[in-house]
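Have the sequence and the 3D view open as you read.

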Amino acid sequence: MATLGSGIIAITYGLARFVFGLFLPAMRDELTISPSMAGVIGALPFLSFVFAILAATWVIRHLGVRRTGVAAASLAVIGLMTIALAPSSLLLAAGVLICGISTGLSSPVMAEAVHRVVPSWVLRGRVNATINAGTSLGIALAMPAVLIWAEAWRSAYLGFAALAALGTLAALCYLPRDGQRHSAS
């Protein structure tokens, strides 16, 4: 659970949310984004993160742990692909917004998965700490990409989307299933 959770957090926080700013100068040049528009776009992942984290408990209750985890990782794939293929600042903004939603869903669902899978309350803290360290892992993995492909940000983002697709598959295979779907009541 610690490895899976750390990977999902590395993808959603490290790659889908925080690395964006490191590639922004090249994106601004290619898409001719004004400084004020760059500021607006840069704020979108935090805004969507806040709304998603507020809705996460409801989403987990209605979709379950596995489906919510898969949704979080899938949204990272969609957001990263949208960023990679964005022909304009508007689609870049949409991709960044979607990435923020993936981030807001991922942390609560991983905490719930740990609660369900890790039997010892003593170990839960360690597992959660390892999972949360995934943010640093994602940024550390992205740093070589930033240094090597700073101007080829689209290629880097396609690579990040491929890693997110692997994370989606892992979430589908290894997150705990829910015994029943909860009603809307």
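In this predicted model, residues 7-27 are 95% helix and 0% strand, with the end C-alpha atoms 26 Å apart. That span is one of several that an unreviewed UniProt entry labels "transmembrane region".

**Annotated spans**
- The UniProt record places the "transmembrane region" feature at residues 7-27, 33-56, 68-86, 131-150 and 156-175.
- For residues 68-86, the end C-alpha atoms lie 26 Å apart, and the chain there is 95% helix and 0% strand.

**Aromatic contacts**
- You will find 6 aromatic pairs in the structure.
- In one of them, Phe23 and Tyr157 have ring centres 5.5 Å apart and planes at 70°, so this pair counts as edge-to-face.
- This pair joins distant parts of the chain, 134 residues apart: Phe23 sits in helix H2 (residues 20-31) and Tyr157 in helix H8 (residues 153-174).
- Phe23 and Tyr157 are both buried.
- One aromatic cluster is formed by Tyr13, Phe18, Phe46 and Phe49.
- Take a look at Phe49 in that cluster: Arg17 lies over the face of its ring, at 4.5 Å from the ring centre.

- Met81, Leu85 and Leu158 make a nonpolar surface patch of about 250 Å².
- Met81 belongs to helix H4, which covers residues 65-85.
- Is Met81 buried, partly exposed or exposed? Its relative accessible area is 30%, so Met81 is partly exposed.

Note on methods
Residues are numbered from 1 along each chain as its sequence is written. This is a predicted model: local features need pLDDT of at least 70, side-chain atom pairs count only at pLDDT 80 or more; totals for chains, interfaces and linings use all residues. Side-chain values use heavy atoms; hydrogens and water are left out. Rings of Phe, Tyr and Trp (its six-membered ring) pair if their centres lie within 6.5 Å; planes under 30 degrees apart count as stacked, over 60 as edge-to-face and the rest as tilted. Helices (H or I, at least four residues) and strands (E, at least two) are DSSP runs, numbered from the N terminus. Buried means under 20% relative accessible area, exposed over 50%, partly exposed in between (1.4 Å probe, protein chains only). A charge sits over a ring if NZ of Lys or CZ of Arg is within 6 Å of the ring centre and within 35 degrees of the ring normal. Patches are made of residues with over 30% relative accessible area and no salt bridge: like charges are joined within 9 Å, nonpolar side chains (Val, Leu, Ile, Met, Phe, Trp, Tyr) within 5 Å. Accessible areas come from the Shrake-Rupley method with a 1.4 Å probe; for residues, only the protein chains shown count as cover. A salt bridge is a side-chain nitrogen of Lys or Arg within 4 Å of a carboxyl oxygen of Asp or Glu. UniProt positions are given in the numbering used here, feature names are shortened, and annotations may be inferred rather than shown by experiment.
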